[in-house]
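Subject: Structure handover

Hello,

Here is the structure I promised to pass on. Please open it first; my notes follow below.

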Amino acid sequence: MSRVLLFTGKGGVGKTTLSAATAASLAAHGRKALVVSTDPAHSLGDALDVRLGAEPSEVDGSAGLFACQIDPRALVDEAWGELRGHLRTVLAGAGVDELDAEELTVLPGVEELLALAEVRRLAASGPWEVVVVDCGPTAETLRLLSLPEAFAGYLERLFPTHRRVVRGLLAGVAGTGTVEKWDATADALSRLAERLDALRSMLADSSSCSVRLVLTPERVVAAETRRTLTALALQGIRVDSVIANRLVPSPGAARGAAASWLRTRRHEQDAVLAELTGIGEIRTVDHRASEPVGVPALLEVAEQLYGDSDPLPGAAVSESLLEVSGSGRGLDARYSLRIALPLSDDTELDLARVSDDLALTVDGRRRLVALPSLLRRCIVTGAEMDSGGVTVGFRPDPSLWR
C-alpha cells in the first residue's frame, strides 16, 4: 500500500499548488508519486500545466510523476449503478412504491465516498510509493473523511453484515423459492462493506495515511484550521503538518509607502501564526510575484517549503486518543479518562454517557468513544477541558460492583 497524503484547507488557500509541488518534489528525489484531485472544481491540471484524465498518466518531462483527476460521476455510474438496481428490486419486493424505491437508493455523499475509494484503489494497486491527494475545501473534506464510518453504519442498519442474515432478509421479501435471484444483491452489499472497512482502516492507520492542512495567515482561516485539527483528531485521523501559504516577503530595511505596507502586512501575518500555539511546527511559503504553474515553478515552491528535509517524513506513532488513570480500590476508587484533542477557549463541547460509550460533541461534530471495560461499571462525576483535551472523572457505580 502506498503512503497517502491528503491536502486540504479553506477554499483558495493554495492546497492544489502545494499538493502538486509536494508530488513533484518527491518524484524529483527518486520516488514515484501520484498526485490525484478529488476536488469537484478540478484545477490540478492547470497547476501542472498538463491535460489530465480520470486515469493516471505520467507528466511529460517529469520521470516518476503521475497525475489524474477523479471523475466521481463516472464512478457512480459504474460502481453504484448495479447496486442501486439490486436495492430497488429488493425494496419493490418488500412493497415499497417504485418511485419511493428510486429515491431511497439515492444516498447523499456517495460520489465523494467512491472518490475516496478510488484513491485507496490507486494507492493499493499502482507502482507509486506515495499518493498525494488534492482534496476539496475543509468542510467538504471533513464530511468526506467521516463518510466511511457513517456509511458503514447506514449499511449495517439496513442489511446486517452476516451473509446468511442478508439472504434471510432477501428470502423474506422475495419468497424462499427465489432467493437465488437476489443473491447478486448480497454479493454487491458484501463488496461495498469490504471497501468501507478498507477505507476506515486506511484512514485510521497513521503509518499509511495522514493529512496536511494548508492555511493563509488570516484570522478567519486560522480559526477554521484550529477547528479542523480538532475535528480530525476526533475522527482519529492524524495531521502530520500545517503549512502557512502566501506570507508577504519581508521588505527588510527598505523605505517608502510600499515597504511600509509590506512590513505592516507581514507583522499582522506573523501575529496570526504566533497565536496558533500548541499545534507543532508550521511550515511557511512566501507569496510569489508570479503564479507557480508547471513542474519547474512547483519545484521552486517545494524547495522553499521543505528545504533539505524529506517531503515524506517517516511515519510517526500517533498519540493515543484515550488514556486512563486512577487511584484507590473498590468503591473508593477514582478514575480519569483523558481524551487528547486540540481545543481552543471558544470550543463548544458537550459530553453525554450513552450505554457503554461516551458521546463527545465538539463544535457540532459528534463521535461515540467506546469506554474501556473498567469504566463501563462507573458513573461520570465531572469533566474538565483545557487546550490539550478533556479529562472526564469516574467513580464505581455501587449497583454494578457487587
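Start with the open sheet of three strands. Its order is β11-β12-β13, and the pairing is antiparallel. β11 (349-354) and β13 (365-370) are the edge strands; each has a single partner, so one side of each has no neighbour in the sheet. From one strand to the next, the twist averages 20°. Strands here are DSSP runs of E, at least two residues long; helices are runs of H or I, at least four residues long; both are numbered from the N terminus. Two strands pair if DSSP finds at least two bridges between them.

β11 and β12 (residues 357-362) run antiparallel and are joined by six bridges. R353 has L358 in β12 as its bridge partner. Helix α9 (residues 219-234) lies across β12 and β13, at about 35° to β13. Such angles run from 0 to 180 degrees between N-to-C directions, with axes fitted to C-alpha atoms, for helices over the stretch in contact. Contact means heavy atoms within 4.5 Å.

A word on the source. This is a predicted model: local features need pLDDT of at least 70, and side-chain atom pairs count only at pLDDT 80 or more, while totals for chains, interfaces and linings use all residues. Residues are numbered from 1 along each chain as its sequence is written, and side-chain values use heavy atoms, with hydrogens and water left out.

Overall, the protein has eleven helices and 15 strands. Of its 402 residues, 43% count as buried. Buried means under 20% relative accessible area, exposed over 50%, and partly exposed in between (1.4 Å probe, protein chains only). Of the contacts with a separation of 6 or more, 68% are between residues 24 or more positions apart.

Two aspartates next. D39 sits in the loop between β2 (33-37) and α2 (44-48). D39 counts as buried because its relative accessibility is 10%. Its side chain makes a polar contact with the side chain of K15, at 3.0 Å. A polar contact is a pair of N or O atoms within 3.5 Å; within protein, one must be able to donate a hydrogen and the other to accept it, and residues adjacent in sequence count only if both atoms are side-chain atoms. Leaving out residues up to four places away in sequence, D39 touches K15, D134, C135, G136 and P137.

D46 is in helix α2. D46 has 56% relative accessibility, so it counts as exposed.

Now the spaces. On a 1 Å grid over the protein atoms alone, a cavity is a set of points where a 1.4 Å probe fits but cannot get out; a pocket is an open set with protein on both sides within 12 Å along at least five of seven lines; lining residues have an atom within 4 Å of a point. Grid points are joined across faces, edges and corners, and a volume is the space filled by probe spheres set on the points.

The second largest pocket holds about 430 Å³. It is lined by 26 residues, with G14, T17, N245, R246 and E291 nearest its centre. α1 (15-28), α2, β7 (239-247) and β8 (282-286) each give two or more residues to this lining. α1 gives the most, with four residues.

There are two cavities of 30 Å³ or more.

Best wishes
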